[in-house]
Every structure is written in C-alpha cells, then in structure tokens.
Amino acid sequence: MKLSSIRFVPLALIASLGLLACQQLPKQMGKGVTVSSGSSLEAHNPSDVVVAPVILGSEEMVVPARSLRESVARALVKRRYAPLSLDFVDEAGMMSSDGVTEASYRAGTLNEEVVCQVIVHSWKQNLWDSRRALVMDVEVQMIDPANPMGQPLWSGRLDGRMDFASQEPEYASEGTFFRAALDQLAAEIMSVMPAHRTQPSTR
C-alpha cells in the first residue's frame with residue numbers, strides 16, 4: 001500500500017504541471033505592433049494633437065472612419081496627450097463630409113504640436129457578425145507639423161486579426177460593443193507609443 005501511494009505522487013505532480021501549462025499567460029499589449037525605427041516622438045514630447053482624417057488604402061474599403069478617429073483620440077488621452085476636438089478639426093475644413101480623405105491636409109493649420117495620422121491599409125469587417133472579429137492592417141503615424149513630409153516622429157502598424165467574442169456578454173448593446181472593439185484596437189497600437197511626459201510646474 002505504501003509503495004503504490006509513492007508511485008502515484010509523480011503522476012499527480014505531472015498532472016498538476018500539465019494543468020498549469022494549459023493556463024494562458026496574460027496577453028502582452030502591443031506585441032503584434034510593428035514600430036518604425038528612428039522614433040523621435042519622446043524627444044519632441046508634444047502635447048496638443050490633431051487626429052487627422054483617416055487615409056484609406058483603396059477607395060473600395062468601407063471603414064468606420066469617424067468611430068476609428070474617436071477611438072484613437074481616446075487612446076491618445078490615455079497616453080496623456082491632448083487631442084483637439086474632432087468637431088473643431090472638422091469645422092476647420094480638414095475633412096470631407098464622410099470623415100475620410102484620400103490625401104493629407106496642411107499640417108499646422110490649428111497650431112497643433114503633432115498630427116496623428118491614421119492609415120487603413122486594409123479593413124475586413126465581414127467576420128464581425130458571425131465571429132466578432134476584425135481583420136485589419138492599420139498604421140498610426142505621429143507627424144511633426146513643421147516637417148510633415150519628413151520621417152514621422154513615431155509610427156506603429158498592426159496587421160492581423162483581433163477576436164472579441166468572449167467579451168460580448170460585457171456589453172448591453174451592439175453599438176457599445178463595437179465601440180469597445182475599436183477602442184481596444186487603438187489602445188493596442190498606442191500601447192507601445194511613448195507617452196507624453198508632463199513637466200513639473202516652474203511656478
């Protein structure tokens with residue numbers, strides 16, 4: 001009896017280790033984001049941001065441009081930046097009525113310190129209704145308005161699929177659920193972007 005109990009101890013230990021191995025580790029934010037080299041955003045440390053009209057990779061794409069801009073603005077706030085009101089930007093004549101532009105605008109028009117440009121290279125929303133998934137290739141660039149044609153101060157790009165099905169019970173409506181999905185997409189890209197450093201008061 002004693003020998004049999006000793007024989008089962010390693011088996012129990014192996015089983016418990018197997019269960020631990022099956023547990024998923026916490027997901028690392030921004031792991032799938034490709035960041036361009038030579039970033040100088042941290043050195044510039046801008047604050048006031050214009051979230052520019054979305055640039056589409058092709059005219060055929062159907063993208064929730066306004067909602068995506070709003071999510072990017074919320075993600076910027078979490079990184080301690082100060083995005084200007086989208087309505088204020090729109091009233092300045094920087095975008096078309098559908099919230100999308102195919103070309104950039106004159107940077108610095110609103111005396112912003114940095115321009116946040118969202119470029120959607122591809123967008124597939126056909127799996128949303130059935131799988132609650134988005135397949136996308138989205139790039140976010142932080143552009144110096146004093147040198148808009150130069151290298152971006154920072155650039156991050158996410159190309160892949162994000163699944164949200166497990167989160168659906170948390171939301172009361174389709175609208176809030178989809179907004180949360182876009183918020184997570186924006187937060188994923190911005191998570192590896194340097195946050196704005198607040199300077200101590202000199203007074």
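1. Helices (H or I, at least four residues) and strands (E, at least two) are DSSP runs, numbered from the N terminus. This note uses those labels for a predicted model. In these terms, H196 lies in the segment after α6.

2. Is H196 buried or exposed? Buried means under 20% relative accessible area. H196 has a relative accessibility of 10%, so it counts as buried.

3. What does H196 touch? With neighbours within four places in sequence left aside, H196 is in contact with N45, P46, S47, R79, R80 and Y81. For P46 there is a further detail: the side chain of H196 reaches the backbone oxygen of P46 at 2.8 Å.

4. Strand β6 covers residues 114-124. Of its eleven residues, eight are buried, so the strand is largely enclosed by the rest of the structure. The next two points take the strands paired with β6 in turn.

5. Two of the pairings are parallel. Strand β2 (residues 48-51) runs parallel to β6 and is joined to it by three bridges. Within this pairing, V49 has V114 of β6 as its bridge partner. Strand β3 (residues 54-56) is also parallel to β6, with two bridges between them. Here I55 stands opposite I119 in β6.

6. How do β6 and strand β7 pair, in the parallel or the antiparallel sense? Strand β7 (residues 133-143) and β6 pair in the antiparallel sense, over nine bridges. To find one of these on the model, look at W123, whose bridge partner in β7 is M136.

7. The next matter is empty space inside the model. Rolling a probe the size of a water molecule over the atoms shows where such space is left. Searching the whole structure gives one cavity of 30 Å³ or more. The volume of the largest cavity is about 30 Å³.

8. Which residues line the largest cavity? The lining consists of L68, V72, V138, V140, L185, A186 and I189. By class, seven of the lining residues are nonpolar, and there are no polar and no charged residues.

9. Where in the fold does this lining come from? At least two residues each are supplied by α3 (65-78), β7 and α6 (174-190). The largest share, three residues, comes from α6.

Terms used:
Residues numbered from 1 in each chain as written. Predicted model: local features only at pLDDT ≥ 70, side-chain atom pairs only at ≥ 80, totals over all residues. Heavy atoms only, no water. Buried < 20%, exposed > 50% of the residue type's maximum accessible area, 1.4 Å probe, protein only. Pairing = 2+ DSSP bridges. 1 Å grid on protein atoms, 1.4 Å probe; cavity = no way out; pocket = protein on both sides within 12 Å on 5 of 7 lines; lining within 4 Å. Points joined across faces, edges and corners; volume = space filled by probe spheres on them. Nonpolar A, V, L, I, M, F, W, Y, C, P; charged D, E, K, R; others polar. Polar contact = N/O pair within 3.5 Å; in protein donor to acceptor, adjacent residues only side chain to side chain. Contact = heavy atoms within 4.5 Å.
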